[in-house]
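Q: Can you walk me through this one? I'd like to start with charged pairs, then go to the core.

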Amino acid sequence: MSNLKMKEAALIYLDRSGGLQKFIDDCKYYNDSKQSYAVYRFKILINPSDVVELDAELGNHILHQPLKAAEVFQSVCFIAVKTLSLIGQLQTETQINIVLKLTHLPPLPSYGLDLCEFPLDYTSQRFYMMQGIVIAMTTVTKYTQGARFLCSDEACPLSKGFQYIRVHVPGATESATIRNDFLCNLCASSLQEDRKFRVLGDKQIVEIIATKGLHAFQGHSNNQPFRFQSVTIFLRDESVNKMNIGNEYKIIGIPTCVKASQTAVCIEANSITFCNSKVPSGISDNFRCLLSLTSSSCWKFTAILANIFASQITPPGTYNLLKLCLLMSLVQTTDRNKELEDCLDILIITSDTLLIDRLLNFSINLVPRGIRHLVSTEIFPTLSRNKYGTGAVSIQAGSALLAKGGICFIGDLASHKKDKLEQLQSVLESRNITVYIPGKKFGEDTDQQMTFPVQCSFWSFVDMDSSSRRNAQKINTLIGQMDCSLIPANLVEAFGLLINCNESSPCHPFLSTVQHTLKKAINPEGLLYAASRQFTTEDFEKLLAFAKNLNVEFSLEAERMTHGYYLASRRIRTDSICGSKLSASALKYLVFLSEAHARLNLRNKVLKEDVLIAALLFETSLTLKYGATAFCVAPNAVFPFELYNEEYLEQRDLYLTQCQQQLEQFIATYGPGTTIFSSDE
């Protein structure tokens with residue numbers, strides 16, 4: 001009686017949800033097909049909440065005994081086929097393969113699978129939900145979806161018909177579906193597969209880590225121990241190729257081999273949903289007050305942000321230019337499912353690698369996808385043999401793909417080999433990486449290749465005081481040009497911003513940094529400055545999370561100034577022998593820098609004041625690469641004064657206003673519409 005009641009409820013649910021009509025349409029497809037089938041596969045979409053309201057027992061079966069629930073729907077569908085004469089060829093109930101696809105699970109702790117927590121007692125074969133980031137995936141292979149077996153004894157009645165049908169169920173291996181030791185229930189003779197009725201499906205294996213496990217790649221300095229373990233997800237049929245490396249997903253599935261004696265955890269995926277991060281509602285009250293106080297200027301707010309940023313690592317007022325660039329790069333990251341095209345790559349030339357390393361490591365932890373690349377790992381995807389013996393090639397993500405939508409901090413460029421630097425240069429220029437899969441090595445007939453978009457910004461630094469640099473012969477340089485002879489010129493050019501952090505300059509006073517280091521050594525957890533107490537790390541996290549989700553657009557005058565500066569700068573850096581030193585990507589970087597400064601100011605519109613900061617930063621970088629030109633910019637143009645109080649901020653605004661007039665004069669002299677431009681230009 002209980003089974004009969006559940007079957008009635010299943011039929012009512014199918015009728016109300018529209019699933020019955022879809023089932024009838026699928027049956028019509030099978031019936032009209034000229035092909036003979038041993039197995040008829042039907043996918044039924046299930047909303048657990050609706051089913052529980054209709055019949056609690058059926059809902060409980062779906063959530064906690066999904067295989068038995070599938071049998072209930074299988075029986076209902078078989079009766080419907082026979083009653084309505086939907087498929088003429090169908091003979092037995094076992095020929096119907098029902099796949100229940102859940103829309104969601106109840107938002108209760110008992111339905112979550114969290115591999116960062118103990119205990120791991122998830123042995124019941126029921127549905128769980130987990131959230132994670134894809135770190136590896138295989139190529140697509142085939143598996144046996146269903147097969148027909150016949151008794152080998154021709155005198156046996158079961159040597160004909162469709163009595164012995166085996167279909168794949170969640171958690172089953174290939175040998176559970178196809179084997180040669182099955183016996184006939186009637187005569188005990190061996191069963192033989194009728195190969196012409198074998199049904200194949202697509203299969204893909206994906207490895208994910210719990211979102212919290214990403215902390216292992218973020219270079220956290222605290223000593224709090226934590227555990228994470230990768231989870232193997234089996235994707236089948238319509239779920240194949242629905243997941244991409246580096247993306248975060250919510251997966252509903254059934255654990256298949258979670259045992260204390262096993263190191264691998266496997267889940268048979270049922271449904272997959274891409275995770276979009278929630279857009280934060282606003283910023284902290286302290287930053288809101290600061291924004292209000294500086295609203296009369298387009299430059300003061302970001303200047304103060306740079307001045308007080310990372311005061312746990314370096315004292316306020318030091319490395320302001322670098323900190324502004326880091327903040328601008330951070331607000332160009334994204335948590336949404338969109339292609340990150342507006343990357344801001346930064347290469348730093350410094351003599352204090354320890355401090356710079358700490359500063360960059362602190363900064364990447366302010367965004368969800370800040371990845372600290374370890375020299376012992378790979379930056380870009382690599383290949384390995386699939387450990388589950390399916391014959392597929394496993395593609396491991398690498399740091400760059402894990403940092404999707406964020407920052408990949410690759411440390412000292414000198415720590416990477418020549419071939420890796422060449423690969424990095426190629427990625428910086430093309431923003432994608434191609435993985436070649438040799439067929440012969442991995443048991444395939446043909447070679448394959450897969451291309452992955454690289455959607456992150458790269459940060460790196462070069463040690464000015466390295467032994468190889470000290471012993472190298474200095475080459476003749478132009479005014480303002482840095483000697484970057486130990487770095488491949490094309491690689492330096494591929495980075496959008498080149499920044500010189502020389503601690504002996506007025507912008508980086510040495511004494512305050514030494515005092516800061518000594519105080520932190522005595523009191524590592526202490527907040528040494530008022531700014532650290534007033535504007536906390538959490539405040540900066542909220543600010544960046546809010547700013548990077550702002551949609552910005554250019555004002556007409558900002559757009560004209562951007563194009564004017566680009567064309568003028570390109571013109572004066574062009575010669576008849578080498579051509580232009582500015583690539584087409586230079587215009588994109590100017591746009592990205594302008595957008596970043598507007599976002600950091602929490603504005604939706606890019607103004608010409610934002611373009612000025614972008615132009616000064618970009619011109620400073622160009623001067624370090626190629627030397628100074630007619631638009632001569634001082635190395636400390638963005639921060640000409642130490643920001644002690646409001647008076648110095650006013651002086652900086654006056655200075656930047658003068659720089660803006662110089663930029664407009666430069667554009668008027670060398671930009672479009674002037675006599676220096678040819679008609680083609």
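This is a predicted model: local features need pLDDT of at least 70, side-chain atom pairs count only at pLDDT 80 or more; totals for chains, interfaces and linings use all residues.

Q: Which parts does the R41 and E238 pair tie together?
A: The side chains of R41 and E238 meet in a salt bridge, at 3.3 Å from N to O. R41 lies in strand β1 (residues 40-46), and E238 in the loop between β8 (231-236) and β9 (248-255), so the pair links parts that are 197 residues apart in sequence.

Q: Is E238 buried or partly exposed?
A: Partly exposed, with a relative accessible area of 26%.

Q: What about R603, what does it pair with?
A: R603 forms a salt bridge with D610. Their closest N and O atoms are 2.7 Å apart.

Q: And is D610 buried or exposed?
A: Buried, at 0% relative accessible area. R603 counts as buried too, at 18%, because the cut-off for buried is under 20%.

Q: Which residues do shared partners join into one network?
A: R41, K101, D237 and E238 are joined by salt bridges that share partners.

Q: New topic. How many residues are in the largest nonpolar core?
A: It has 88 residues. F540 and Y565 have the most contacts inside it.

Q: Which helix gives the largest share of this core?
A: Helix α20 (residues 608-626), with ten residues.

Q: What does F540 touch?
A: Leaving out residues up to four places away in sequence, F540 touches F287, L305, I308, F309, L327, L366 and F535.

Q: What lies apart from that core?
A: Another core, of 57 residues. Among them are M137, A269, V427 and I487.

Technical notes. Residues are numbered from 1 along each chain as its sequence is written. Side-chain values use heavy atoms; hydrogens and water are left out. A nonpolar core is a set of buried Ala, Val, Leu, Ile, Met, Phe, Trp, Tyr and Cys residues joined through side-chain atoms within 4.5 Å. Buried means under 20% relative accessible area, exposed over 50%, partly exposed in between (1.4 Å probe, protein chains only). Helices (H or I, at least four residues) and strands (E, at least two) are DSSP runs, numbered from the N terminus. Contact means heavy atoms within 4.5 Å. A salt bridge is a side-chain nitrogen of Lys or Arg within 4 Å of a carboxyl oxygen of Asp or Glu.
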